[in-house]
2 protein chains.
Amino acid sequence: MKKLDKITPWKENFAQWYVDVIKNGELMEYGPIKGTIIFKPNSYAIWENIQLELNNLFKTKGIQNVYLPMLIPEFFINIEKEHVEGFSHELVTVTQVGEKKLHDNLYIRPTSEVLFADLFKKSIESYKDLPLIYNQWTSVMRWEKTTNPFLRNTEFLWQEGHTVHANAMEARKLTRDMIKLYEKFLRKYLAIPTIMGKKTPKEKFAGACSTYTVEAMMKDGKALQSATSHYLAQNFSRAFKIAFKNKNNEDEFAYQTSWGVSTRLLGAIIMTHGDDSGIIMPPKIAPVQVDILELFSNKYPEVSEKVDELERWLSKKLRVRVDRSDAQPGFKAANSEIQGVPVRIEVGPKDLAENMVTVVRRDTFEKTRVNISKVREYVEELLIEIHENLYTQAKKRLENNTVIAYDYDSFKKAISENKFVITPFNGDEEEEERIKKETGATTRCIPFKYLKPKDDCTCITSGKLTKRFVLFAKAY
Amino acid sequence: MKKLDKITPWKENFAQWYVDVIKNGELMEYGPIKGTIIFKPNSYAIWENIQLELNNLFKTKGIQNVYLPMLIPEFFINIEKEHVEGFSHELVTVTQVGEKKLHDNLYIRPTSEVLFADLFKKSIESYKDLPLIYNQWTSVMRWEKTTNPFLRNTEFLWQEGHTVHANAMEARKLTRDMIKLYEKFLRKYLAIPTIMGKKTPKEKFAGACSTYTVEAMMKDGKALQSATSHYLAQNFSRAFKIAFKNKNNEDEFAYQTSWGVSTRLLGAIIMTHGDDSGIIMPPKIAPVQVDILELFSNKYPEVSEKVDELERWLSKKLRVRVDRSDAQPGFKAANSEIQGVPVRIEVGPKDLAENMVTVVRRDTFEKTRVNISKVREYVEELLIEIHENLYTQAKKRLENNTVIAYDYDSFKKAISENKFVITPFNGDEEEEERIKKETGATTRCIPFKYLKPKDDCTCITSGKLTKRFVLFAKAY
């Protein structure tokens with residue numbers, strides 16, 4: 001077991017706190033190539049739990065998992081013009097095998113729209129073959145200039161859903177259904193509240209007709225785009241000639257969507273719930289839900305016996321880990337805290353003499369002595385309570401730090417205070433660019449719901465009347 | 001639903017049968033780049049079930065999942081000499097990003113020994129940090145000249161385990177434990193019997209001290225290497241300087257292993273169990289275990305009601321699919337057969353009037369009328385029976401087609417009949433190469449157990465006395 005390092009207080013230096021917390025939590029190691037990371041067991045297990053729970057939700061929507069090859073031929077990527085412009089500068093390019101030069105370049109997928117487009121083209125003939133609702137879990141590569149563990153890496157893990165439909169309405173509905181599914185997933189499994197909405201044209205996915213997003217607020221007030229869902233309309237199907245015979249036996253281009261979440265979610269979890277003692281894992285996806293600490297068992301063998309019994313008993317329903325090491329009690333507790341395990345049970349000779357154990361919750365540090373016969377029930381309820389508390393804390397923070405600004409001065413002030421700012425704005429891409437330069441804020445989305453603003457508002461930059469309210473924030 | 005194509009009888013042309021069966025079973029589509037394939041829902045679901053079951057077995061060995069980046073820097077791969085020689089000609093090479101040339105080449109992992117070596121080097125200081133027992137699920141690339149769906153592709157999915165230990169004995173034991181785990185997995189979950197043994201020096205993994213393998217016999221008599229486990233000794237740890245302080249506080253190079261199975265297993269399943277009606281899925285990893293066919297429900301609405309009820313009831317414990325389409329009963333049955341679903345339940349008005357359904361098993365085509373109240377119990381037992389029957393059939397074939405040859409003439413004859421041949425052989429790599437040229441057979445392994453041969457045997461090529469019995473066969 002490694003010695004724990006000091007964690008910088010998060011209010012003092014959030015970026016350094018983030019690095020300290022990740023390092024101490026044994027979540028990752030830097031990879032051999034700049035911008036890549038190694039997912040160690042502690043972080044990969046979170047991703048596995050996310051996969052498990054999302055796959056269960058996906059099944060209810062009839063989503064089927066597939067796997068497509070990672071390399072994209074040069075001519076494929078050039079077919080959809082807007083799409084290639086969005087990605088070309090960051091494409092990782094294969095030009096040779098061994099010493100032998102290839103005739104055409106190949107690209108490591110930055111996303112797989114064009115690969116799915118080709119598959120769909122081969123797979124559909126008639127409206128009867130539609131819809132196809134596919135998803136894949138994989139890694140993708142984008143050669144980013146500035147990287148940050150989990151948040152932005154040249155290689156990251158994600159799921160990407162790709163669907164094809166016989167009519168626009170069905171595709172549009174699925175696009176919205178998926179962003180709602182993600183909102184629910186973040187709320188119910190990661191205890192992360194978000195603001196759901198539509199991206200402005202500037203911020204939408206390269207090649208999409210419209211992009212929906214859920215935006216979470218990190219502890220420093222910055223936004224993290226946590227999931228997106230794109231309505232691709234016929235953009236790719238026209239370019240790739242994905243046509244089908246419709247009910248009138250006419251050829252028609254198909255309607256498509258794509259949507260995904262990535263290992264950014266690990267960053268979202270850390271920066272939403274963590275504190276100065278380390279990370280805090282939301283109970284439903286925590287790799288370890290309960291740590292059992294065996295204390296002074298070298299002198300009191302009955303402690304070991306009781307720990308074994310507790311482990312067997314609790315493991316039936318929960319993910320349990322036992323620390324049987326000869327480390328000091330304080331060190332064991334700190335180790336459990338720093339790894340963000342939601343609940344720890346301290347089993348020592350004193351408590352045991354009274355048939356009790358001490359249960360400590362990670363989120364509030366509250367300690368409760370519990371009768372052993374009641375431990376399982378107590379811990380199960382406590383895990384639900386911890387989830388709710390984490391969510392409530394995050395929700396309060398989001399609400400308290402989201403404001404409405406009706407003019408540019410109050411907008412600038414609120415952004416400088418790291419708030420989420422909802423504001424009347426109908427500017428174009430250039431206007432967004434100017435605001436970004438002046439304030440550091442970007443448009444996050446046009447929220448579906450928001451604090452009710454006044455009725456007749458004027459755009460903060462143009463002064464023209466507008467009904468479009470846009471969420472701005474500094475963002476990761 | 002696509003029209004089903006004719007399947008070539010397997011005894012007539014096994015290679016064509018294989019392609020026909022895969023195509024009809026909707027298992028894959030060719031990818032856009034030569035040698036790559038797309039795993040469609042029907043095949044990816046098998047791989048997901050394999051992942052699920054293997055992960056459960058891995059947990060019992062304390063194996064932890066991780067994820068390492070896919071790109072290997074040039075200088076890494078050149079560190080272990082034998083290893084790089086084994087792979088250099090098939091390395092897929094990244095030389096640029098966008099239009100920008102990289103300073104050093106990067107390789108897409110063909111396997112990740114060197115990446116894990118770097119991680120282990122960073123992770124261990126003392127014997128107290130050992131062992132580390134890691135595994136990752138990922139895809140790898142090897143630019144093969146001749147490819148065959150699932151069996152040999154330029155990109156394939158696999159798991160690769162990598163471990164590091166404080167002493168040789170522990171590492172050697174794990175190497176053997178893992179090959180035994182794989183043997184058991186193939187037997188218990190895929191119903192595939194194998195011959196377990198050690199590779200000859202010629203056939204061992206590039207960079208390993210010794211390689212263990214399980215070799216399965218396909219229906220055409222050819223061998224398929226189905227899983228391998230390598231004892232790497234200190235080969236990589238010396239090259240990468242993976243050292244730790246041992247109990248005597250001396251620096252010592254660590255001991256390593258690696259082991260894996262790949263999507264080749266899908267090929268093994270198809271070519272072990274398939275028949276002239278299509279694939280047959282071993283029940284434990286079958287994506288769909290039970291197909292319920294709704295027959296004549298347009299005229300008899302009570303059929304639909306009963307089907308819904310059966311689905312709810314059976315889904316509690318089994319993976320169930322319902323065919324509610326308006327296709328003909330014969331077409332529905334053929335579709336279920338061709339996809340290898342182990343059991344189908346035909347629900348029609350005639351049977352229903354007597355409170356019965358017809359249960360058909362895929363392996364023997366046997367039909368049984370079963371009272372609805374007993375269906376669940378009946379199907380659960382039938383699935384076990386199907387697994388056992390598939391295994392027994394495959395085991396018989398393996399036993400009946402494995403022979404001992406004491407001289408080169410009978411060896412050649414047996415190989416020409418596509419048998420597995422166990423033979424006294426102590427030749428070197430050149431001898432193996434000569435035998436391959438003359439007969440098409442390669443050494444598969446030195447089996448742990450085998451039909452008891454005579455005591456004093458002479459090597460089939462050198463004529464010298466030997467106790468080394470080697471399994472030869474033509475192989476995929």
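1. Strand pairing. Strand E11 (residues 223-233) of chain A runs antiparallel to strand E14 (residues 255-262) of chain A, and five bridges join the two. At one point along this pair, A:Ala233 stands opposite A:Gln256 of E14(A). Note that this is a predicted model.

2. The whole sheet. E11 and E14 belong to an open sheet of 11 strands in chain A. The order is E3-E7-E8-E14-E11-E10-E9-E22-E25-E21-E20, with mixed pairing. Strand E3 (64-65) and strand E20 (402-404) of chain A are the edge strands, and each pairs on one side only.

3. A helix on the sheet. Helix H12 (residues 375-400) of chain A packs on this sheet. H12 touches strand E9 (194-198), strand E10 (210-217), E20 and strand E21 (420-424) of chain A. The direction of H12 makes about 25° with that of E20(A).

4. Helix H14 of chain A. Which residues of helix H14 (residues 429-439) are buried? They are A:Glu432, A:Ile435 and A:Thr439. Seen down the axis of H14(A), these buried residues fall within an arc of 60°, so they line one face of the helix. On the other side, A:Glu430 and A:Lys437 are exposed. The buried residues pack against helix H13 (408-416), strand E22 (442-447) and strand E25 (469-473) of chain A.

5. The ends of H14. At the start of H14(A), a side-chain oxygen of A:Asp428 reaches to within 3.2 Å of the backbone nitrogen of A:Glu430. A:Gly440 follows the helix, and its phi is positive, near 85°.

6. A threonine in chain B. B:Thr423 lies in strand E21 (residues 420-424) of chain B. Is B:Thr423 buried or exposed? Its relative accessibility is 0%, so B:Thr423 counts as buried. The side chain of B:Thr423 reaches the backbone oxygen of B:Ala405 at 2.7 Å. Leaving aside residues up to four places away in sequence, B:Thr423 touches B:Ala405, B:Phe411, B:Ile460, B:Arg468, B:Phe469, B:Val470 and B:Phe472.

7. How the two chains relate. The same surface serves both copies, as 100% of the contact residues of chain B recur in chain A.

Notes: Residues numbered from 1 in each chain as written. Chains lettered and ligands numbered in written order. Predicted model: local features only at pLDDT ≥ 70, side-chain atom pairs only at ≥ 80, totals over all residues. Heavy atoms only, no water. Pairing = 2+ DSSP bridges. Helix = DSSP H or I, 4+ residues; strand = E, 2+ residues; numbered from the N terminus. Contact = heavy atoms within 4.5 Å. Axes fitted to C-alpha atoms, helices over the stretch in contact; angles between N-to-C directions. Buried < 20%, exposed > 50% of the residue type's maximum accessible area, 1.4 Å probe, protein only. Polar contact = N/O pair within 3.5 Å; in protein donor to acceptor, adjacent residues only side chain to side chain. Arc of directions from axis to C-beta.
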